[in-house]
Amino acid sequence: MRELLRSRPFGFALLLSLALLVANIIAEPSFGKPGNWPQELASFAPLAIVAMASTPSILSGGGGLDLSAGPLVVFCNVLLVHKFFPHGLESGWAAVPLILLIGAGIGAVNGVLVTTLRYQPVIATLCTFFILIGLNLKFGASPRPTPPGNWTTHLGDKVWFFPGALITILVPAAVWLVLSRTSYHRQLFAVGGNQSTAFSAGVDVTATRIVAYSLGGLFAAVGGIALTALVQSSQAASAAQYTLIALAGVALGGTVLGGGRGGLLGSALGAFAIYLMQTLLSAVNVPPTWNSVVYGGMLVAGVVVGARLMTLRPGLRRETA
């Protein structure tokens, strides 16, 4: 057990998820039935993707907390429902590239604010946070349903025999897997670990961080598609809740908030633990008002465990999956 936690920073989130999965099945036996998996995955997908969207900027170091990832997920949902579907962009082949481009572009703006204009990441992304929340309320003041049978419907259920939500979760994972085979992946961890050393080694620190924020925006746009597939309507008022969940998931997953160590797998597992905690609290009839208390407690636990693991393995390599 101790060796697992030492070698795999996401080990804590993995073990916690397994324990909570067993507790959920005991509390609600129908939870583990395969017939429920597509719907459970659809409910889990936005949480997992927003946690993954928060990860690249944190890995890039410099205190790169991206507070705008949650509102960006909701912004993409609002755009799809209130702008794309009513104005003729009903085909996924046209809408998906455009929404991904918008997400990556907003992420890039965050990156420029942080690297070129020297804003503190928390301040820069807090500004974007408020702007996006304002736009969400402007464009989606009144909830609107999606057109019947639109292309996101299957992503909330099944695509042939495959759970559709799993496709949306696998998109960021696939992008990350491809990047792990490139020099950019090494440069990202190098910048997050020590930007002065990375700069001395010839790494373009500014470009590396801008790309990291852009990746976060790209993943958040995928989260917006997953959210639309789940709720089949606009959810303009739900932006803020995803921000805390994302940070808690990243911390639980073993990603060091100072940068340079962690990965998307850990963030997804951290989000999975939070989702299972939500379902368990609901199954035992705990009032939803306690959810924020639980999120905060899990965030503290993740930070404490992460700090403890760092002291246990001071000389270990910083890069993980």
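The model is predicted. The protein contains 13 helices and 2 strands. Its radius of gyration is 19 Å, close to the 20 Å that the globule rule gives for 321 residues, so the protein is as compact as a globular protein of that length.

**Overall dimensions and packing**

- The C-alpha trace spans about 55 × 45 × 35 Å along the principal axes of the protein.
- Buried residues make up 49% of the 321 residues.
- Among contacts with a separation of 6 or more, 79% are between residues 24 or more positions apart.
- The accessible surface of the protein is about 14,300 Å², and carbon and sulfur atoms account for 69% of that surface.

**Aromatic pairs**

- The structure has 3 aromatic pairs.
- One of them joins phenylalanine 44 and phenylalanine 272, with 5.2 Å from centre to centre and 65 degrees between the planes. This pair is edge-to-face, because the angle is over 60 degrees.
- The two residues of that pair come from distant parts of the chain, 228 residues apart. Phenylalanine 44 belongs to helix α3 (residues 37–59), and phenylalanine 272 belongs to helix α12 (residues 264–283).
- Phenylalanine 44 has a relative accessible area of 8% and is buried, whereas phenylalanine 272, at 26% relative accessibility, is partly exposed.
- Another pair is formed by phenylalanine 129 and phenylalanine 130, whose ring centres are 5.3 Å apart. The planes of these rings stand at 85 degrees, so this pair is edge-to-face.
- Phenylalanine 129 is buried, at a relative accessible area of 12%, while phenylalanine 130 is exposed, at 53% relative accessibility.
- Phe44, Phe272 and Tyr275 are linked by ring pairs into a cluster.

**Nonpolar surface patch**

- A nonpolar patch on the surface is made up of Val112, Leu117, Tyr119, Val122 and Ile123. Together these residues have about 410 Å² of accessible area.
- Valine 112 sits in helix α5 (residues 92–115).
- The relative accessibility of valine 112 is 34%, so this residue counts as partly exposed.

**Positive phi outside glycine**

- Arginine 118 has phi near 65 degrees, a positive value in a residue other than glycine.
- Arginine 118 is placed in the loop between α5 and α6 (121–139). With 69% relative accessibility, arginine 118 counts as exposed.
- Glutamine 232 also has a positive phi, near 50 degrees, and is likewise a residue other than glycine.
- The loop between α10 (205–231) and α11 (239–252) holds glutamine 232. Its relative accessible area is 21%, so glutamine 232 is partly exposed; the cut-off for a buried residue is under 20%.

Technical notes:
Residues are numbered from 1 along each chain as its sequence is written. This is a predicted model: local features need pLDDT of at least 70, side-chain atom pairs count only at pLDDT 80 or more; totals for chains, interfaces and linings use all residues. Side-chain values use heavy atoms; hydrogens and water are left out. Patches are made of residues with over 30% relative accessible area and no salt bridge: like charges are joined within 9 Å, nonpolar side chains (Val, Leu, Ile, Met, Phe, Trp, Tyr) within 5 Å. Accessible areas come from the Shrake-Rupley method with a 1.4 Å probe; for residues, only the protein chains shown count as cover. A salt bridge is a side-chain nitrogen of Lys or Arg within 4 Å of a carboxyl oxygen of Asp or Glu. Helices (H or I, at least four residues) and strands (E, at least two) are DSSP runs, numbered from the N terminus. Buried means under 20% relative accessible area, exposed over 50%, partly exposed in between (1.4 Å probe, protein chains only). The radius of gyration is taken over C-alpha atoms; the globule rule is 2.2 Å times the number of residues to the power 0.38. Contact means heavy atoms within 4.5 Å. Rings of Phe, Tyr and Trp (its six-membered ring) pair if their centres lie within 6.5 Å; planes under 30 degrees apart count as stacked, over 60 as edge-to-face and the rest as tilted.
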